[in-house]
Amino acid sequence: MAGPTPKPAAASYLKRPKLFSLAVVTVLCSLSYLIGIWQNRGVGSNTPSTLDPTIPCFPIPQNTTAPITKSQSTQLDFATHHSADDGGATALPSSIKMYPSCSSRYSEYTPCEDPKRSLRFPRDRLIYRERHCPSKRELLKCRIPAPHGYKNPFKWPISKDLAWYANVPHRELTIEKAVQNWIRFEGDRFRFPGGGTMFPNGADAYIDDIGKLINLKDGSIRTAIDTGCGVASWGAHLLSRNILPMSFAPRDTHEAQVQFALERGVPALIGVIASKRLPYPSRSFDMAHCSRCLIPWGQYDGAYLMEVDRILRPGGYWILSGPPIRWRRYWKGWARTRDDLNAEQMQIENVTRSLCWKKLIEKDDIAIWQKPLNHLHCKNINHTPFCSVQQDPDKAWYTNLETCLTPLPQVSDSDDISGGGVAKWPKRLNAIPPRISRGSVNGVTAEKFEKNMQVWKRRVSYYKTVNNQLGQKGRYRNILDMNAFLGGFAANLIKDPIWVMNIVPVEAELNTLGVIYERGLIGTYQSWCEAMSTYPRTYDLIHADSIFTLYKDRCEMEDIMLEMDRILRPEGSLIIRDDVDTLVKVKRIADGLNWDSQIVDHEDGPLEREKLLFAVKLYWTSPDQQS
């Protein structure tokens with residue numbers, strides 16, 4: 001009889017350890033999973049991120065970085081950029097520094113043209129009216145308030161004629177200039193009839209008179225500078241003729257004249273021609289104008305006219321009305337002697353001849369001179385000595401005036417335009433600027449210029465998808481580009497009813513402001529380690545491309561942003577481009593300034609290190625002093 005087979009026992013023996021092993025593995029995996037959950041409960045979704053922005057101020061397109069949370073940090077790759085191994089980046093403090101409001105007495109504070117500080121400096125040649133900035137220990141660390149009752153300015157072109165009294169609460173000029181039709185007070189607003197000391201019938205009629213003497217319609221005159229501009233009525237009425245003015249006047253006894261100009265939506269800066277060059281490159285303006293601007297043109301060996309010559313383009317015009325023009329008719333009304341006025345006019349005539357200028361005409365109250373196309377014919381004239389060829393004619397930031405003639409670029413023929421001619425407006429905007437075609441800007445070729453145009457076309461288009469108000473007429477008027485390079489941002493807004501003040505920082509690697517003027521745009525030099533020569537609440541929108549990278553280790557980020565806050569209107573907007581690490585720091589200061597801000601991706605997508613911060617300065621004012 002056969003015995004039982006051993007196979008079943010062996011099978012039972014083998015199955016038991018397999019089941020046991022499987023059970024052990026299952027238990028261990030479950031424990032590992034539970035422990036993992038327990039360890040990660042400290043980083044829950046309800047824990048606020050240190051990078052969370054405030055409520056978004058713009059509709060966010062699909063490729064924007066919405067509020068940055070830890071769950072999104074992998075997609076945007078923020079975490080690796082802020083580790084200790086990445087350039088020494090350090091963690092941000094958990095608390096945000098809040099910036100308090102300054103006293104209401106600072107509502108019109110202009111740091112570098114402060115009337116009290118100016119008294120420390122000589123009155124000779126109005127040096128005390130020049131820029132004199134506060135020392136580092138004098139810098140304010142608070143937000144400049146708008147006056148109580150501040151309102152958004154009237155939209156252009158209505159703003160050309162009207163401004164709210166609450167925004168610029170100064171009635172002095174309505175009394176002092178009442179008979180000259182500068183400005184009138186009407187209840188809660190000012191009205192600007194367009195008059196001036198030498199054009200009581202209005203700026204339009206005055207400009208028409210100029211247009212009968214030189215051609216203002218064919219596009220050959222695009223950029224103009226108004227010295228001693230008053231409330232800038234001349235500039236305001238040039239804009240409708242496609243001529244872009246730059247108006248300037250000092251902060252003096254004519255209280256708030258530049259502030260009125262800016263409130264009207266007219267380009268202007270606080271400035272004076274005294275001992276320093278004006279902050280513009282050589283060969284910038286097609287036309288310069290003085291209407292009873294009280295500048296002593298013939299004094300100081302003609303230094304002031306030599307400065308006008310430096311900034312005028314070859315073939316440009318200088319227009320003078322008021323004393324001493326037509327002195328034989330007006331000398332009694334001007335309360336000056338005949339001999340005095342005659343001597344002043346002779347001084348001017350002598351200086352202009354020494355500059356090789358040609359007097360085109362003197363008719364009625366207007367006299368016009370023209371700068372030569374080149375300096376070939378000056379060899380036969382007893383002209384002012386030329387400045388040294390080693391002197392940079394475009395250097396104009398705290399640069400002393402000199403009594404010498406700025407030499408024009410050399411030409412081979414008497415009909416050639418020194419430095420090259422520019423196309424007539426509007427072709428001038430997109431034509432290759434002469435400074436680039438002639439290789440004067442190191443490393444910038446015609447090809448790079450055209451590529452830059454395309455880059456900014458795409459960027460501005462993207463801006464308008466993030467901030468849809470940028471394309472709405474009337475929302476913005478006065479715009480500042482803090483680092484303009486070739487003017488691409490401004491060029492792509494040219495069809496909108498706005499103007500852009502293009503800044504070329506003096507610390508920039510290349511001086512490109514001359515290129516900007518050759519394109520028919522305007523701007524000025526500026527160091528953002530100092531305050532700008534303008535009033536608080538000048539700009540409706542500020543654009544800043546790589547500003548904080550440029551000024552890293554040069555000056556404090558918070559001081560630059562406090563200045564941005566000072567010159568931006570309540571409910572004004574900002575667009576800031578920079579490296580993501582830098583923008584995270586900017587975002588924290590923006591929160592402390594009470595800006596409503598949002599970091600969004602680069603127009604090329606989330607993998608680009610460069611990001612953008614869009615922000616709005618929230619509305620707030622000084623308290624009512626009467627309450």
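Analyst: The part to start with is an open sheet of 7 strands in this predicted model, and the order of its strands is 13-12-11-14-15-17-16, with mixed pairing. Strand 13 (523-526) and strand 16 (595-600) are the edge strands, each pairing on one side only. From one strand to the next, the twist averages 20°. As background, strands of a sheet pair through backbone hydrogen bonds, either parallel or antiparallel.

Of its 7 residues, 7 are buried, so strand 14 is largely enclosed by the rest of the structure.

Asp 579 stands opposite Glu 610 in strand 17.

Helix 13 (residues 446-466) lies across strand 14, strand 15, strand 16 and strand 17. Helix 13 runs at about 45° to strand 17.

In helix 6 (residues 203-211), the residues Ala 203, Tyr 206, Ile 207 and Ile 210 are buried. Seen down the helix axis, the buried residues of helix 6 fall within an arc of 95°, so they line one face of the helix. These buried residues pack against helix 7 (233-238), strand 7 (285-291), strand 8 and strand 10.

The structure holds 20 aromatic pairs. One of them is formed by Trp 318 and Trp 369, with 5.1 Å centre to centre and 35° between the planes, and this pair is tilted. Trp 318 lies in strand 8 (residues 312-321) and Trp 369 in strand 10 (residues 366-370), so the pair ties together parts that are 51 residues apart in sequence. Are these two residues buried or exposed? Trp 318 has 1% relative accessibility and counts as buried because the cut-off is under 20%. Trp 369, also at 1%, counts as buried.

Tyr 330 and Trp 334 make another tilted pair, with ring centres 5.3 Å apart and planes at 35°. Trp 334 is buried, with a relative accessible area of 11%. Elsewhere, ring pairs link Tyr 165, Phe 185, Phe 190, Phe 192 and Phe 260 into a cluster.

The charged end of Arg 143 sits over the ring of Trp 620, 4.5 Å from the ring centre. Lys 151 lies over the face of Trp 164, at 3.9 Å from the ring centre.

The last stop is the backbone of some loops. Trp 156 and Pro 157 are joined by a cis peptide bond, with omega about 10°. Pro 157 is found in the loop between helix 4 (115-118) and strand 1 (162-164). A cis peptide bond also joins Trp 425 and Pro 426, and its omega is about 10°. The loop that holds Pro 426 lies between strand 10 and helix 12 (434-437).

Where does Arg 326 lie? Its place is in the loop between strand 8 and helix 10 (327-330). Arg 326 is not a glycine, although it has a positive phi of about 60°. With a relative accessible area of 25%, Arg 326 is partly exposed. Ala 335, which is not a glycine either, has a positive phi of about 55°. Ala 335 lies in the loop between helix 10 and helix 11 (338-354). At 68% relative accessibility, Ala 335 counts as exposed.

Notes:
Residues numbered from 1 in each chain as written. Predicted model: local features only at pLDDT ≥ 70, side-chain atom pairs only at ≥ 80, totals over all residues. Heavy atoms only, no water. Phe/Tyr/Trp six-rings, centres within 6.5 Å; stacked < 30°, edge-to-face > 60°. Helix = DSSP H or I, 4+ residues; strand = E, 2+ residues; numbered from the N terminus. Buried < 20%, exposed > 50% of the residue type's maximum accessible area, 1.4 Å probe, protein only. Lys NZ or Arg CZ within 6 Å of the ring centre and 35° of its normal. Pairing = 2+ DSSP bridges. Axes fitted to C-alpha atoms, helices over the stretch in contact; angles between N-to-C directions. Contact = heavy atoms within 4.5 Å. Arc of directions from axis to C-beta.
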